[in-house]
Amino acid sequence: MERTDKIYGLAALFDSPDKIIHATESVVKEGYKSFDVHTPYPVHGMDNAMKLKPSTLGYITLVFGLSGAAFILLFMYWTMSVNYPMIIGGKPYFALPAFIPVTFEVTVLLATLSTVIGMIAFYFKFPVNAYPLNETNYMKAVSNDKYGVFIKSDDPKFDESKIRVFLTSLGGTNLELVYDLKKVTYDPFSPRFISVLVGVIIVVSGGTYVSLNKAMYLPPFNWMEYQFRGNPQSSSDFFSDGRVNRMPVKGSVARGFIPYEFTGVTLPENPLPNPLPVDEKVLQLGKRKYLTFCSPCHGDYGDGDSRMRGQFPNPPSLHTEKLKTWADGLIYHVIVNGQNVMPSYAHQTTAEERWAMVHYVRALQLAKNASEGDIDRFNKEFSANGK
Amino acid sequence: MPLIEGRLTLAQIEEIIAKPLDTKPNKKYFIALSITLSLLLIGATALLISFYYGVGLWGNNQPVGWAFPIVNFVFWVGIGHAGTLISAILFLLRQKWRTAIARFAEAMTIFAVICAAIFPIIHTGRFWLAGYLMPYPNQHNLWVNFTSPLLWDVFAVSTYFTVSLVFWYVGLIPDFAVLRDRTSSKIKKVFYTVFSLGWRNSHRNWQHYEKAYTLLAGFATPLVLSVHTIVSFDFAVSIMPGWHTTIFPPYFVAGAIFSGFAMVVTVLIFVRKIFDMEQLITLDHLDKMNRIILATGMMVGYAYGMEFFMAWYSGVQFEQFVFINRAFGPYAWAYWIMVTCNVVFPQLFWFRKFRRSIPVMLVVVIFVNVGMWFERFVITVTSLHRDYLPSSWGYYTPTLYDFGILIGSFGLFFTLVLLFVKTLPSVSISEIKAVADGAQPTHHGSH
């Protein structure tokens, strides 16, 4: 480190903790403000001798610790209750007791890191090695087994010869005059620095991209994709029929489906009764399904007047005498099995939907053939039911 | 009690501590290093083969899905508890004898947590996806499950590792400055200068430094207790008989301190001998640590007894069966190894003569290490191998690869310890100077 001929300050060594405490007290009493004490370890009582105010570092810890707790609680609330709410283990979305461990850990983590980083960066203004006392015999001695007082030249009372006499009278030895360091400045826009910076950016971002987006999908990291398994619809050497897909065991019933007992029968003798009640919900469902599956041929109101009319054979009307007298179960049967050119709707609709469609067909039949008295009758029935 | 034997000057203390760093290592050091590196190589090979063919090479399978990986994880995390306990809790309790062993124990904490963290990550089978353990924004809006004890573990262990590392480094800053000012080698000087951050030994810095150290100790104390508590939640929050008990957190923490101190004593016995630090790490230090081993060993023994009592007192048939099965079932051998090593042998430490005898304590602490490994084995395997459904009972046998990886973790741990004692001061120079005779002003008394 190159030095100028400007004096930075004067240092003196002491060889016992008692002497350094006494010397420090005397320096403070003499009125020196810009001074420092260097010891190989913290000496008890030095805070008082130097008249230092208590350290305010604890406030950093407090503020960051509390923000850590608040942040992680909000974060867990947002992820678990807002962004992707999911019930896990029967706990509520905001399961406070289950959030306590993570809250505690993050609080400790942020409090600790902020304390240390705050101390180093804001209280010490580290890391910096350009300090005039570094590399002096004085610094070597105080980091080993001596105690030192250093008075800086910017102190208003700084007078080299007077301080020499003063420190010697306190028992100071090895007085050392320290000269200031030559200022070294770095140009942040120098081509060399910028090219290094660009190089670092390219390497870091490129490396991250390649490792996360490319390398992770190369062997051996993608071996999980190549397993002994059968993909749907592919061939198999293992099964005798050469297919991967297996048929369900005979007699299997899919969840939620009840087998229809008259499958394959032209018209059952004793058709099933309609299990659904007639209410608004059922009729709405029946209407929706009717308009989806039935209306393309039978027409929106069951008149058989759809765009299929004129093509052979015409779709029949649902308002014939035959259909009006048919039992519900027979209409249901035709929806399940189909009839003539009408295909089966067993796979497009569920049993409940089919029964609802039957109700809706009945409602259409009633609406098309209503007599004048029917409206009065309905009003009476509905008011009797309290609707 | 004198903290340092003989009247050493501050310069002599520094000389002793810095000696392994200034001198070239001798033959014994390289022999030790080659042994630990061989162990590490065995582990690395076992791991590599495991990843080539898949983790099905290991012994864990239904019904014992959690075996060696979790046993080794809990074992190493437990070892890691002594360091922070010594550096933080004993610091707050103003136990000055901790200064000679704190740095070393902190280093051991960090190495033990590294060893521990390997196991859950390799247990997933695809260790390169470990990043998914942390919550990060992604296009699926997929987050980690914050209500799961396994996720708490991720936060607890990573926080513990970070805080231990920071605590350790903060302690090292003034020592780096000491080494910077004494070394004559140019390369070492650059290294020490960078890591000392330009430390100036100024009391204006020492004041904040001491404050920060107290704050860190204040945070590390509940942290050390929380980590093994959360590790015990991995078990206690489940509904397995033998795991689902409220005694687990204190029982695990006591066991962790027990095993951690045993490991610290094991390693210190060798280090103080090899590096001539008998005057700094004295028999008094070992004596005190042995007392803590005795105390925590008794707590662990109490927990063993209380578990049996609670199983009987609960009246739950499954709970009672698990404990009878532990002591007299197919894994009775493991249970009785555990009880002998953890409860019987430490009783020798009631006698001052044994507490201060190096050969006796070496035998006892090694038994404690073995016993504490078996404790985790017993807890994990005996509960899993016979649970509620007798039709799914089984017997777990580890494979060679399980043992290979366990051996490798010991190799990694001791390799790191050996590298540490050669490259960094294994006793805190500035702290031990501060407690030497005549290091503090006389009118402030001898507190």
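The radius of gyration here is taken over C-alpha atoms, and the globule rule I hold it against is 2.2 Å times the number of residues to the power 0.38. I keep in mind that this is a predicted model.

**Chain A, overall**

I looked up the radius of gyration of chain A first. A compact globule of 387 residues would come out near 21 Å, but chain A has 46 Å. Next I checked the extents: along its principal axes, the C-alpha trace of chain A spans about 130 × 65 × 45 Å.

For secondary structure I noted 12 helices and four strands in chain A. I then asked what share of its contacts join residues at least 24 apart, among those between residues at least 6 apart in sequence. For chain A that share is 68%.

**Chain A, surface and charge**

Buried residues account for 36% of the 387 in chain A. The chain exposes about 24,600 Å², and 61% of that comes from carbon and sulfur atoms. I also looked at where the charges sit: chain A has 38 positive and 36 negative ones, and their mean positions lie 2 Å apart.

**A:Lys289**

I picked out a lysine in helix α8 of chain A, residues 280-298. Is A:Lys289 buried or exposed? Its relative accessibility is 17%, and the cut-off for buried is under 20%, so A:Lys289 counts as buried. Leaving aside residues up to four places away in sequence, I find A:Lys289 touching A:Cys294, A:Glu353 and A:Met357.

**Helix α11 of chain B**

Over to chain B, where I checked the length of α11, residues 317-328. With 12 residues at 1.5 Å a residue, the helix should span 16 Å; the end C-alpha atoms are 16 Å apart, so the two agree.

Which residues of α11(B) are buried? My list reads B:Glu319, B:Val322, B:Phe323, B:Asn325, B:Arg326 and B:Ala327. An α-helix has 3.6 residues a turn, so residues three or four places apart point the same way.

**B:Pro120**

Last stop was a proline within a helix: B:Pro120 is found in α5 of chain B, residues 99-123. Its relative accessible area is 36%, so I put B:Pro120 down as partly exposed, which is the class between under 20% and over 50%. I also looked up its distance to B:Val154, 34 residues apart along the chain: their C-alpha atoms are separated by 9.5 Å.

Notes
Residues numbered from 1 in each chain as written. Chains lettered and ligands numbered in written order. Predicted model: local features only at pLDDT ≥ 70, side-chain atom pairs only at ≥ 80, totals over all residues. Heavy atoms only, no water. Helix = DSSP H or I, 4+ residues; strand = E, 2+ residues; numbered from the N terminus. Buried < 20%, exposed > 50% of the residue type's maximum accessible area, 1.4 Å probe, protein only. Contact = heavy atoms within 4.5 Å. Areas by Shrake-Rupley, 256 points an atom, 1.4 Å probe, with all protein chains shown as cover. Lys, Arg positive; Asp, Glu negative; His and termini not counted. Charge placed at Lys NZ, Arg CZ, Asp CG, Glu CD. Expected span 1.5 Å × (residues − 1).
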